[in-house]
Amino acid sequence: MAKEKRVVLPIFGENKPATVPLPGGTGGLGALLPAIRKLSSTVMAESETRARAAGLKVSCKTGCTACCHQLVPVSLIEAKALATALARLPQKQLKEVKNRFAHVLSTLEKNGLIHPKHDQPRTSLVSPGDGSESERWDALSRKYLELNLACPFLIEGRCSVYEERPFACREYAVTSAPEHCATLSEQLAPLPRPVLMTQALSLTVDRLEDAAPSTLALPLALEWVEARGAELRTDHDLSEAFDVLFESIEWQERDGLWAD
Ligand code: SF4
(Lines give C-alpha, C1' and ligand atoms only; values in the text may rest on other atoms or scores of the structure.)
Protein backbone atom coordinates (compact mmCIF):
# COMPACT_ATOMS: atom_id res chain seq x y z
CA MET A 1 0.00 0.00 0.00
CA ALA A 2 1.32 3.48 -0.90
CA LYS A 3 2.32 5.77 1.95
CA GLU A 4 3.39 9.35 1.71
CA LYS A 5 6.98 10.34 2.29
CA ARG A 6 8.20 13.85 2.87
CA VAL A 7 11.53 14.71 1.31
CA VAL A 8 13.57 17.84 0.88
CA LEU A 9 14.88 18.35 -2.64
CA PRO A 10 18.16 20.22 -2.84
CA ILE A 11 17.64 22.25 -6.02
CA PHE A 12 18.78 25.66 -7.22
CA GLY A 13 20.87 25.99 -4.07
CA GLU A 14 17.76 25.78 -1.88
CA ASN A 15 15.82 23.07 -0.08
CA LYS A 16 12.42 22.45 -1.63
CA PRO A 17 10.02 20.23 0.36
CA ALA A 18 7.92 17.65 -1.50
CA THR A 19 5.61 14.81 -0.54
CA VAL A 20 5.74 11.71 -2.71
CA PRO A 21 3.60 8.54 -2.86
CA LEU A 22 5.89 5.73 -1.75
CA PRO A 23 4.83 2.13 -2.25
CA GLY A 24 5.57 -0.24 0.60
CA GLY A 25 6.87 -3.81 0.44
CA THR A 26 8.86 -5.24 -2.41
CA GLY A 27 8.61 -4.89 -6.17
CA GLY A 28 10.28 -3.73 -9.36
CA LEU A 29 11.88 -0.28 -9.59
CA GLY A 30 9.03 0.73 -11.91
CA ALA A 31 6.85 0.97 -8.78
CA LEU A 32 8.84 4.09 -7.86
CA LEU A 33 7.84 5.93 -11.04
CA PRO A 34 4.87 7.82 -9.47
CA ALA A 35 7.17 9.11 -6.71
CA ILE A 36 9.89 10.10 -9.18
CA ARG A 37 7.32 11.84 -11.40
CA LYS A 38 6.22 13.90 -8.41
CA LEU A 39 9.85 14.89 -7.75
CA SER A 40 10.37 15.67 -11.43
CA SER A 41 7.28 17.90 -11.63
CA THR A 42 8.32 19.69 -8.42
CA VAL A 43 11.74 20.43 -9.92
CA MET A 44 10.31 21.62 -13.23
CA ALA A 45 7.61 23.76 -11.56
CA GLU A 46 10.33 25.49 -9.57
CA SER A 47 12.38 25.96 -12.73
CA GLU A 48 9.42 27.53 -14.52
CA THR A 49 8.64 29.80 -11.56
CA ARG A 50 12.20 31.08 -11.66
CA ALA A 51 12.03 31.60 -15.43
CA ARG A 52 8.80 33.61 -15.04
CA ALA A 53 10.38 35.72 -12.31
CA ALA A 54 13.14 36.48 -14.80
CA GLY A 55 10.54 37.66 -17.34
CA LEU A 56 10.61 34.49 -19.49
CA LYS A 57 7.63 32.46 -20.67
CA VAL A 58 7.52 28.79 -21.59
CA SER A 59 6.63 28.62 -25.28
CA CYS A 60 5.63 24.90 -25.41
CA LYS A 61 2.02 24.47 -26.53
CA THR A 62 -0.37 21.55 -27.03
CA GLY A 63 0.01 20.30 -30.58
CA CYS A 64 3.66 21.29 -30.95
CA THR A 65 5.64 18.13 -31.64
CA ALA A 66 9.02 19.64 -32.50
CA CYS A 67 10.76 17.95 -29.55
CA CYS A 68 9.20 14.59 -30.48
CA HIS A 69 11.71 14.43 -33.35
CA GLN A 70 14.67 14.57 -30.99
CA LEU A 71 16.58 11.53 -29.79
CA VAL A 72 15.30 10.59 -26.33
CA PRO A 73 17.34 8.67 -23.73
CA VAL A 74 15.44 6.31 -21.43
CA SER A 75 16.53 4.34 -18.39
CA LEU A 76 15.80 0.61 -18.46
CA ILE A 77 12.96 1.19 -15.98
CA GLU A 78 11.31 3.69 -18.31
CA ALA A 79 11.88 1.32 -21.25
CA LYS A 80 9.93 -1.38 -19.42
CA ALA A 81 7.14 1.05 -18.48
CA LEU A 82 6.88 2.16 -22.13
CA ALA A 83 6.64 -1.44 -23.34
CA THR A 84 3.87 -2.09 -20.80
CA ALA A 85 2.01 1.06 -21.88
CA LEU A 86 2.36 0.04 -25.52
CA ALA A 87 0.88 -3.39 -24.82
CA ARG A 88 -2.22 -1.68 -23.36
CA LEU A 89 -2.93 0.36 -26.50
CA PRO A 90 -5.81 -0.62 -28.81
CA GLN A 91 -4.65 -3.10 -31.47
CA LYS A 92 -4.68 -0.55 -34.29
CA GLN A 93 -2.43 1.89 -32.43
CA LEU A 94 -0.21 -0.88 -31.12
CA LYS A 95 0.39 -2.10 -34.67
CA GLU A 96 1.07 1.43 -35.87
CA VAL A 97 3.61 2.12 -33.12
CA LYS A 98 5.38 -1.19 -33.79
CA ASN A 99 5.54 -0.37 -37.51
CA ARG A 100 6.98 3.03 -36.64
CA PHE A 101 9.65 1.45 -34.45
CA ALA A 102 10.58 -0.84 -37.35
CA HIS A 103 10.76 2.17 -39.69
CA VAL A 104 12.94 4.18 -37.28
CA LEU A 105 15.29 1.23 -36.73
CA SER A 106 15.67 0.48 -40.43
CA THR A 107 16.31 4.18 -41.17
CA LEU A 108 18.98 4.24 -38.47
CA GLU A 109 20.54 1.11 -40.00
CA LYS A 110 20.53 2.59 -43.50
CA ASN A 111 22.25 5.71 -42.20
CA GLY A 112 24.90 3.85 -40.25
CA LEU A 113 23.62 4.94 -36.83
CA ILE A 114 22.90 1.41 -35.69
CA HIS A 115 24.51 -1.93 -36.40
CA PRO A 116 22.32 -4.31 -38.39
CA LYS A 117 20.47 -6.83 -36.28
CA HIS A 118 22.80 -9.56 -35.11
CA ASP A 119 22.99 -10.26 -31.40
CA GLN A 120 19.76 -9.18 -29.79
CA PRO A 121 19.19 -6.79 -28.21
CA ARG A 122 21.19 -3.88 -29.60
CA THR A 123 22.04 -1.52 -26.77
CA SER A 124 23.62 1.52 -28.38
CA LEU A 125 23.53 3.70 -31.45
CA VAL A 126 26.65 4.60 -33.43
CA SER A 127 27.61 8.24 -33.05
CA PRO A 128 29.05 10.00 -36.09
CA GLY A 129 31.16 12.09 -33.68
CA ASP A 130 33.95 11.36 -31.25
CA GLY A 131 35.27 12.77 -28.00
CA SER A 132 33.57 12.42 -24.63
CA GLU A 133 30.33 10.52 -24.10
CA SER A 134 28.32 13.75 -23.99
CA GLU A 135 30.00 15.02 -27.19
CA ARG A 136 29.23 11.73 -28.96
CA TRP A 137 25.59 11.89 -27.78
CA ASP A 138 25.40 15.47 -29.01
CA ALA A 139 26.69 14.50 -32.48
CA LEU A 140 24.29 11.56 -32.58
CA SER A 141 21.36 13.78 -31.56
CA ARG A 142 22.10 16.23 -34.37
CA LYS A 143 22.39 13.48 -36.97
CA TYR A 144 19.16 11.92 -35.67
CA LEU A 145 17.33 15.24 -36.08
CA GLU A 146 18.54 15.50 -39.67
CA LEU A 147 16.74 12.22 -40.41
CA ASN A 148 13.45 13.88 -39.41
CA LEU A 149 12.20 10.78 -37.62
CA ALA A 150 9.09 11.29 -35.51
CA CYS A 151 9.10 9.39 -32.23
CA PRO A 152 7.48 5.99 -32.84
CA PHE A 153 4.97 6.77 -30.09
CA LEU A 154 3.75 9.93 -31.84
CA ILE A 155 0.41 9.17 -33.51
CA GLU A 156 -1.60 11.87 -35.25
CA GLY A 157 0.39 14.53 -33.46
CA ARG A 158 -0.19 13.10 -29.99
CA CYS A 159 1.91 11.03 -27.64
CA SER A 160 0.22 7.62 -27.50
CA VAL A 161 1.88 6.83 -24.15
CA TYR A 162 1.54 10.29 -22.61
CA GLU A 163 1.00 9.10 -19.02
CA GLU A 164 4.13 6.94 -19.25
CA ARG A 165 6.27 9.30 -21.33
CA PRO A 166 9.96 9.33 -20.38
CA PHE A 167 11.50 11.88 -18.04
CA ALA A 168 13.47 13.40 -20.92
CA CYS A 169 10.09 14.42 -22.39
CA ARG A 170 8.57 15.49 -19.06
CA GLU A 171 11.57 17.65 -18.22
CA TYR A 172 11.86 19.37 -21.58
CA ALA A 173 10.32 22.82 -21.80
CA VAL A 174 11.69 25.82 -23.63
CA THR A 175 11.32 29.56 -23.69
CA SER A 176 12.54 29.73 -27.30
CA ALA A 177 10.60 29.27 -30.55
CA PRO A 178 9.75 25.72 -31.79
CA GLU A 179 12.08 25.94 -34.79
CA HIS A 180 15.03 25.91 -32.41
CA CYS A 181 13.84 22.56 -30.98
CA ALA A 182 13.71 21.22 -34.52
CA THR A 183 17.33 22.16 -35.21
CA LEU A 184 18.95 22.24 -31.75
CA SER A 185 20.16 25.69 -32.74
CA GLU A 186 22.20 27.88 -30.46
CA GLN A 187 19.07 29.94 -29.75
CA LEU A 188 17.42 26.93 -28.11
CA ALA A 189 16.59 27.96 -24.53
CA PRO A 190 15.44 25.03 -22.39
CA LEU A 191 14.36 25.60 -18.80
CA PRO A 192 17.24 24.81 -16.45
CA ARG A 193 17.12 21.24 -15.13
CA PRO A 194 19.22 20.93 -11.98
CA VAL A 195 18.31 17.24 -11.73
CA LEU A 196 17.64 14.79 -14.54
CA MET A 197 15.46 11.92 -13.39
CA THR A 198 16.63 9.71 -16.29
CA GLN A 199 20.14 9.96 -14.88
CA ALA A 200 18.92 9.40 -11.32
CA LEU A 201 17.09 6.25 -12.43
CA SER A 202 20.04 5.04 -14.48
CA LEU A 203 22.37 5.44 -11.50
CA THR A 204 19.85 3.51 -9.41
CA VAL A 205 19.76 0.73 -12.02
CA ASP A 206 23.57 0.65 -11.98
CA ARG A 207 23.54 0.14 -8.23
CA LEU A 208 20.58 -2.21 -7.80
CA GLU A 209 20.25 -4.23 -11.00
CA ASP A 210 22.54 -6.61 -12.83
CA ALA A 211 21.83 -5.06 -16.24
CA ALA A 212 23.89 -2.88 -18.53
CA PRO A 213 23.81 -0.37 -20.02
CA SER A 214 21.35 1.34 -17.69
CA THR A 215 20.25 3.85 -20.37
CA LEU A 216 19.12 3.28 -23.96
CA ALA A 217 18.14 5.46 -26.89
CA LEU A 218 14.33 5.23 -27.08
CA PRO A 219 14.27 3.47 -30.49
CA LEU A 220 16.09 0.52 -28.85
CA ALA A 221 13.76 0.29 -25.86
CA LEU A 222 11.28 -2.32 -27.13
CA GLU A 223 13.99 -4.59 -28.49
CA TRP A 224 15.74 -4.56 -25.11
CA VAL A 225 12.59 -5.18 -23.10
CA GLU A 226 11.55 -8.04 -25.36
CA ALA A 227 14.94 -9.74 -25.03
CA ARG A 228 15.93 -8.88 -21.47
CA GLY A 229 13.13 -7.06 -19.68
CA ALA A 230 12.31 -10.14 -17.59
CA GLU A 231 15.79 -9.94 -16.04
CA LEU A 232 14.93 -6.79 -14.10
CA ARG A 233 14.38 -7.65 -10.47
CA THR A 234 10.92 -7.62 -8.91
CA ASP A 235 12.09 -8.13 -5.32
CA HIS A 236 13.50 -4.74 -4.38
CA ASP A 237 12.75 -3.36 -0.95
CA LEU A 238 11.00 -0.30 -2.38
CA SER A 239 11.66 1.96 0.57
CA GLU A 240 15.40 1.22 0.40
CA ALA A 241 15.36 1.55 -3.40
CA PHE A 242 13.78 5.00 -3.10
CA ASP A 243 16.54 6.04 -0.69
CA VAL A 244 19.15 4.90 -3.25
CA LEU A 245 17.38 6.89 -5.94
CA PHE A 246 17.15 9.97 -3.75
CA GLU A 247 20.88 9.76 -3.01
CA SER A 248 21.58 9.90 -6.75
CA ILE A 249 19.44 13.06 -6.96
CA GLU A 250 21.48 14.61 -4.15
CA TRP A 251 24.70 13.63 -5.96
CA GLN A 252 23.53 15.38 -9.11
CA GLU A 253 22.81 18.58 -7.22
CA ARG A 254 26.11 18.39 -5.37
CA ASP A 255 28.39 17.23 -8.19
CA GLY A 256 26.52 18.51 -11.24
CA LEU A 257 24.94 16.51 -14.04
CA TRP A 258 27.00 13.81 -15.74
CA ALA A 259 29.47 15.21 -18.16
CA ASP A 260 32.65 13.37 -18.92
S1 SF4 B 1 7.46 9.53 -25.84
FE2 SF4 B 1 5.75 10.87 -26.33
S3 SF4 B 1 6.35 12.93 -25.60
FE4 SF4 B 1 8.23 11.67 -25.71
S5 SF4 B 1 9.12 12.05 -27.75
FE6 SF4 B 1 7.77 10.25 -27.94
S7 SF4 B 1 5.76 11.05 -28.58
FE8 SF4 B 1 6.96 12.79 -27.79
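Predicted model: local features only at pLDDT ≥ 70, side-chain atom pairs only at ≥ 80, totals over all residues.
Let's start where two helices touch: L76, A79, K80, A83 and L86 in α2 meet A221, L222, W224 and V225 in α8.

How do the two helices cross? Helix α2 spans residues 76-87 and helix α8 covers residues 221-228; their axes come within 9 Å and cross at roughly 90 degrees. Angles of 65 to 115 degrees count as roughly perpendicular, so that is the label for α2 and α8.

Now for the rings. A pair of aromatic rings is described by the distance of the centres and the angle of the planes. The structure holds 2 aromatic pairs. In one of them, F101 and F153 have ring centres 5.3 Å apart and planes at 80 degrees; planes over 60 degrees apart count as edge-to-face, so this pair is edge-to-face. The partners come from distant parts of the chain, 52 residues apart: F101 belongs to helix α3 (residues 91-110), while F153 sits in the loop between α4 (133-146) and β5 (154-155).

Finally, take a look at charges over rings. The charged end of R165 sits over the ring of Y162, 3.8 Å from the ring centre. R170 lies over the face of F167, with 5.9 Å to the centre of that ring.

Technical notes:
Residues numbered from 1 in each chain as written. Heavy atoms only, no water. Axes fitted to C-alpha atoms, helices over the stretch in contact; angles between N-to-C directions. Helix = DSSP H or I, 4+ residues; strand = E, 2+ residues; numbered from the N terminus. Parallel < 35°, antiparallel > 145°, perpendicular 65-115°, else oblique. Contact = heavy atoms within 4.5 Å. Phe/Tyr/Trp six-rings, centres within 6.5 Å; stacked < 30°, edge-to-face > 60°. Lys NZ or Arg CZ within 6 Å of the ring centre and 35° of its normal.
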